[in-house]
Amino acid sequence: MSSFSGLVLSLSALVALVPLGLVRAESRGPLWAAVAVAIVGPAAWLAHSFGDGWRTGFAIALWLAILVSMASYAVLVALVRGAAKLAPLLAAYLVALAVVATTWQHAPERPLIGKPPEAWLIAHVLMALVAYGLLTVAAMAGLAVFLQERALKTKRPTDFTRRLPSIAEGETLLAQLLMASGAVLAVALVSGSVLSWFTFAAPLKLDHKTVLSFATFLAIAGLLFVHRRGGISGRRAARYVLFAYLLLTLAYPGVKFVTDVIVGE
């Protein structure tokens with residue numbers, strides 16, 4: 001892909017995310033149109049990027065995370081009440097990720113180590129991405145709870161907070177998304193162990209990505225356990241979810257940024 005065409009596609013995919021933050025959750029037609037555009041934009045960029053084969057760069061990792069987050073959000077909007085109201089927060093965050101991806105889209109890419117089975121590699125990457133996408137939306141639900149409780153405490157709701165899920169809706173979404181992301185992350189960790197065996201002849205390679213991924217799973221499991229016992233809710237739960245999301249972000253795009261952008265340059 002040439003530099004110019006890559007930039008045009010990347011900017012187009014970025015712009016495709018913007019309408020999602022502008023529509024109202026009550027307007028289902030415009031909302032679904034915005035969701036579709038926000039999925040097609042990144043998907044088109046990725047399809048073009050993978051035209052010459054498998055790629056592993058930092059920008060690719062971010063656009064994959066954006067696409068899977070949008071796909072996860074679309075499923076939630078169809079199935080879960082109140083999920084549509086996360087649109088303004090999710091759109092703002094994904095646009096920020098897209099800006100970073102566009103800025104470093106030509107960072108050097110590191111080749112894959114070893115010769116893992118391609119089908120197993122794709123399955124593992126897919127599971128890891130789905131876990132990250134679900135936890136991304138969970139983080140937005142947690143942030144929504146935090147903002148709503150703050151607005152309630154200060155008695156200063158804004159038009160932006162009125163567009164977000166209520167505290168009860170946000171907490172329900174948060175619990176559901178944590179269970180889903182924890183289950184998928186567990187599968188990703190198991191498939192990653194098998195992949196490590198094919199690559200390094202060892203079931204576990206204790207690098208930064210592995211340690212942070214396991215730490216994220218433990219944080220999610222611990223939060224769910226305490227939540228089930230009724231010991232945590234609201235802003236405290238939101239903080240722990242954001243912390244878990246930070247760990248997984250450091251494990252996946254964070255490690256990519258260090259290896260491809262900082263070390264690569």
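## Exercises on a helical model

Leaving aside residues up to four places away in sequence, Ser69 touches Leu94, Gly133, Thr136 and Val137, where contact means heavy atoms within 4.5 Å. The model is predicted, so local features need pLDDT of at least 70 and side-chain atom pairs count only at pLDDT 80 or more, while totals for chains, interfaces and linings use all residues. Residues are numbered from 1 along each chain as its sequence is written, and side-chain values use heavy atoms, with hydrogens and water left out.

### Exercise 1

Determine how many helices and strands the protein has, and in what pattern they follow.

Step 1. Helices (H or I, at least four residues) and strands (E, at least two) are DSSP runs, numbered from the N terminus.

Step 2. The protein has nine helices and zero strands.

Step 3. Along the sequence the pattern reads α-α-α-α-α-α-α-α-α.

Step 4. Among contacts with a separation of 6 or more, 80% come from residues 24 or more positions apart.

### Exercise 2

Locate Ser69, decide whether this residue is buried or exposed, and describe how its helix meets α5.

Step 1. Ser69 has its place in helix α3.

Step 2. Buried means under 20% relative accessible area, exposed over 50%, and partly exposed in between (1.4 Å probe, protein chains only). The relative accessible area of Ser69 is 1%, so Ser69 is buried. In the protein, 46% of the 265 residues count as buried.

Step 3. The axes of α3 and α5 come within 8 Å and cross at roughly 65°. Such axes are lines fitted to C-alpha atoms, for helices over the stretch in contact, and angles run from 0 to 180 degrees between N-to-C directions.

Step 4. On the α3 side the contact includes Ser69, Ser72 and Tyr73, and on the α5 side it includes Tyr132, Gly133 and Thr136.

Step 5. By class, this contact of α3 with α5 has 10 nonpolar, four polar and no charged residues. Ala, Val, Leu, Ile, Met, Phe, Trp, Tyr, Cys and Pro count as nonpolar, Asp, Glu, Lys and Arg as charged, and the others, Gly among them, as polar.

### Exercise 3

State how many aromatic pairs there are, and classify the pair of Trp45 and Trp63.

Step 1. Rings of Phe, Tyr and Trp (its six-membered ring) pair if their centres lie within 6.5 Å; planes under 30 degrees apart count as stacked, over 60 as edge-to-face and the rest as tilted.

Step 2. The count by this rule is three aromatic pairs.

Step 3. The ring centres of Trp45 and Trp63 are 5.7 Å apart and the planes stand at 35°, so this pair is tilted.

Step 4. Trp45 in helix α2 (residues 28-49) and Trp63 in helix α3 (residues 58-79) are 18 residues apart, and the pair links distant parts of the chain.

Step 5. Trp45 is buried at a relative accessible area of 1%, and Trp63 is buried at 0%.

### Exercise 4

Step 1. Tyr93 lies in helix α4 (residues 87-103) and Tyr245 in helix α9 (residues 234-262), 152 residues apart.

Step 2. Tyr93 is partly exposed at 22% relative accessible area, whereas Tyr245 is buried at 6%.
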